[in-house]
Amino acid sequence: QVHLVESGGGSVQAGGSLRLSCAASGYTYSRYCMGWFRQAPGKEREGVARVRSDGRTSYADSVKGRFTISQDNAKNTLYLQMNSLKPEDTAMYYCAADPSGDCYSWWPGRYSYWGQGTQVTVSS
């Protein structure tokens with residue numbers, strides 16, 4: 001079992017920054033693909049960023065150059081540094097883990113473990 005808990009969300013002005021954290025407990029997920037997803041009201045859940053165990057990262061085009069995913073294995077924590085935030089970034093952000101470790105897909109169904117989400121609101 002893997003338990004994920006997000007934190008760090010909040011309300012910021014456009015152009016501001018936030019760093020989301022995802023604390024993992026239970027079985028280690030050092031070989032997992034870890035991802036951040038977001039979902040705004042009335043919209044489908046979309047992949048934002050993911051990182052494979054070998055460090056390979058992928059980003060959605062909408063956040064590329066602004067967001068950075070990273071992982072601190074010693075602290076069992078995944079991060080999403082979000083800079084130059086835009087109102088369209090407003091969403092509930094979820095941390096997720098794919099035990100297969102393939103990390104080839106944005107499909108949420110590939111991810112078996114999910115956190116409860118943390119709200120990010122960006123005002124203009």
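Reader: Thanks! Which pattern do the disulfides of the protein chain follow?
Author: The pattern is 1-3, 2-4, counting bonded cysteines along the chain. A disulfide here is a pair of cysteine sulfur atoms within 2.5 Å. Keep in mind that this is a predicted model, where local features need pLDDT of at least 70, side-chain atom pairs count only at pLDDT 80 or more, and totals for chains, interfaces and linings use all residues. Residues are numbered from 1 along each chain as its sequence is written, and side-chain values use heavy atoms, leaving out hydrogens and water.
Reader: How many disulfides does a search of the whole structure find?
Author: The search finds 2. In one of them, the sulfur atoms of Cys22 and Cys95 are 2.0 Å apart.
Reader: Where do Cys22 and Cys95 lie?
Author: Cys22 is in strand β3 (residues 18–26) and Cys95 in strand β9 (residues 91–98), so the link joins parts 73 residues apart in sequence. Strands (E, at least two residues) are DSSP runs, numbered from the N terminus.
Reader: And why is that disulfide left-handed?
Author: Because the torsion about the S-S bond of Cys22 and Cys95 is about -70°.
Reader: Changing topic, what about Cys33 and Cys103?
Author: They form a disulfide too, with sulfur atoms 1.9 Å apart. Cys33 sits in strand β4 (residues 33–39) and Cys103 in the loop between β9 and β10 (113–114), so this pair ties together parts 70 residues apart in sequence. With 55° about the S-S bond, their link is right-handed.
Reader: Are Cys33 and Cys103 buried or exposed?
Author: Both are buried, meaning under 20% relative accessible area, while exposed is over 50% and partly exposed is in between (1.4 Å probe, protein chains only). Cys22 is buried at 0%, and Cys95 is buried at 0%.

Conventions:
Helix = DSSP H or I, 4+ residues; strand = E, 2+ residues; numbered from the N terminus.
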